Amino acid sequence: DTYGKTVMVTGDEGTATEPIVLGDDEFFVMGDNREVSLDSRSIGPIKRDSIVGRSLVRIWPLNKFGIPK
């Protein structure tokens, strides 16, 4: 996204100023509202054992649409 690469005027929310290096069991998660989401940009990487959930249906890529195994 080109708009995600620009500096935000309100205080650089969501702009990474340094490269982010993740460990083997870490994930960088982002919310759906780039300017105000509480995500890895503010709380840091998430450990694999902290992620809880399951996928009920896969919609992308389209050639794999359906119920995951």
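**Entry 1: Ser 40**

I looked up Ser 40 and found this residue buried, with a relative accessible area of 5%. Buried means under 20% relative accessible area, exposed over 50%, and partly exposed in between (1.4 Å probe, protein chains only). Ser 40 lies in helix H1. Helices (H or I, at least four residues) and strands (E, at least two) are DSSP runs, numbered from the N terminus.

I then followed the side chain of Ser 40, which reaches the backbone oxygen of Gly 44 at 2.9 Å. With neighbours within four places in sequence left aside, I list Phe 27, Phe 28, Val 29, Pro 45 and Ile 46 as contacts of Ser 40. Contact means heavy atoms within 4.5 Å.

**Entry 2: basis of the model**

I note that this is a predicted model, in which local features need pLDDT of at least 70, side-chain atom pairs count only at pLDDT 80 or more, and totals for chains, interfaces and linings use all residues. Residues are numbered from 1 along each chain as its sequence is written, and side-chain values use heavy atoms, with hydrogens and water left out.

I checked the confidence next; pLDDT is the predictor's confidence in each residue, from 0 to 100. The chain has a mean pLDDT of 80, and 75% of its residues reach 70 or more. Confidence is lowest in H1, at a mean of 83, and highest in S1, at 95. I keep in mind that where pLDDT is low, the predicted coordinates should not be read in detail.

**Entry 3: the chain as a whole**

I counted 1 helix and 2 strands in the chain. Read along the sequence, their pattern is β-α-β. Of the 69 residues in the chain, 10% are buried.

I also looked up the contacts with a separation of 6 or more; residues 24 or more positions apart account for 15% of them. The chain exposes about 6,300 Å², of which carbon and sulfur atoms supply 57%. Accessible areas come from the Shrake-Rupley method with a 1.4 Å probe, and for residues only the protein chains shown count as cover.

**Entry 4: Asp 39**

I located Asp 39 in the loop between strand S1 (26-27) and helix H1 (40-43). Is Asp 39 buried or exposed? Asp 39 counts as buried because its relative accessibility is 2%.

The side chain of Asp 39 reaches the backbone nitrogen of Gly 31 at 3.0 Å. Not counting residues up to four places away in sequence, Asp 39 touches Val 29, Met 30, Gly 31 and Gly 44.

**Entry 5: salt bridges**

How many salt bridges does the structure hold? I found 2 salt bridges, each defined as a side-chain nitrogen of Lys or Arg within 4 Å of a carboxyl oxygen of Asp or Glu.

The side chains of Lys 47 and Asp 25 meet in one of them, at 3.7 Å from N to O. Lys 47 lies in strand S2 and Asp 25 in the segment before S1, so this pair ties together parts that are 22 residues apart in sequence.

Lys 47 also forms a salt bridge with Glu 26, and the closest N and O atoms are 3.6 Å apart. This pair links distant parts of the chain, with Lys 47 in strand S2 and Glu 26 in strand S1, 21 residues apart. I record that salt bridges with shared partners join Asp 25, Glu 26 and Lys 47 into one network.

I looked up the accessibility of each member. Lys 47 counts as partly exposed at 38% relative accessibility, Asp 25 as partly exposed at 34%, and Glu 26 as partly exposed at 21%.

**Entry 6: the segment after S2**

I found a nonpolar surface patch of about 730 Å², made by Leu 56, Val 57, Ile 59, Trp 60, Leu 62 and Phe 65. Patches are made of residues with over 30% relative accessible area and no salt bridge; like charges are joined within 9 Å, and nonpolar side chains (Val, Leu, Ile, Met, Phe, Trp, Tyr) within 5 Å.

Phe 65 is placed in the segment after strand S2 (46-47), and at 54% relative accessibility Phe 65 counts as exposed. Ile 67 is found in the segment after S2 and counts as exposed at 72% relative accessibility. From C-alpha to C-alpha, Ile 67 and Ser 55 are 8.1 Å apart in space and 12 residues apart in sequence.

I looked up the peptide bond between Trp 60 and Pro 61, which is cis, with omega about 0°. Most peptide bonds are trans. Pro 61 has its place in the segment after S2.

Terms used: Polar contact = N/O pair within 3.5 Å; in protein donor to acceptor, adjacent residues only side chain to side chain.
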